[in-house]
Amino acid sequence: MEKKVEVTILKQPYVFVGEDEERIKRDARYVNEKITNAVDRHGIINTMNAIIMAMMEITDEYLEMKKQAEKFEGKTLRLIKKFEDIEEIEVPCGVRDKW
């Protein structure tokens with residue numbers, strides 16, 4: 001069941017609607033942290049600039065994780081293919097039991 005969840009980002013209240021209240025709160029905390037860090041780290045006073053900087057950092061994190069996930073998926077698929085090829089090899093029962 002969807003519910004209204006109030007969060008605070010940059011000292012401003014926002015209301016989101018969703019089923020997973022904890023997830024909404026977690027995401028809002030992360031966004032707030034990223035924007036606040038951008039403000040502190042770069043001395044940004046314009047809210048829009050802080051948001052854009054935070055979005056660039058979040059996007060970079062996301063794209064790096066996506067690249068790593070695709071790399072991992074590719075390696076996993078290659079391992080599965082190798083395993084399938086090994087399974088097709090005829091091996092006497094006695095030898096297979098020693099593996």
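A residue counts as partly exposed when its relative accessible area lies between the buried limit of under 20% and the exposed limit of over 50%. In this predicted model, L10 has a relative accessible area of 30%, so it is partly exposed. L10 sits in the loop between β1 (3–9) and β2 (12–18), and K11 is found in that loop too. For K11 the relative accessible area comes to 78%, so this residue is exposed.

Most residues other than glycine have a negative phi. L10, though not a glycine, has a positive phi, near 55°. K11 also has a positive value without being a glycine, with phi near 65°.

As for the overall layout, the protein chain has 3 helices and 2 strands, which come in the order β-β-α-α-α along the sequence. Of its 99 residues, 15% count as buried. The chain exposes about 8600 Å², and carbon and sulfur atoms supply 58% of that area. Among contacts with a separation of 6 or more, 15% involve residues 24 or more positions apart.

I51 is partly exposed because its relative accessible area is 31%.

Conventions: Residues are numbered from 1 along each chain as its sequence is written. This is a predicted model: local features need pLDDT of at least 70, side-chain atom pairs count only at pLDDT 80 or more; totals for chains, interfaces and linings use all residues. Side-chain values use heavy atoms; hydrogens and water are left out. Buried means under 20% relative accessible area, exposed over 50%, partly exposed in between (1.4 Å probe, protein chains only). Helices (H or I, at least four residues) and strands (E, at least two) are DSSP runs, numbered from the N terminus. Contact means heavy atoms within 4.5 Å. Accessible areas come from the Shrake-Rupley method with a 1.4 Å probe; for residues, only the protein chains shown count as cover.
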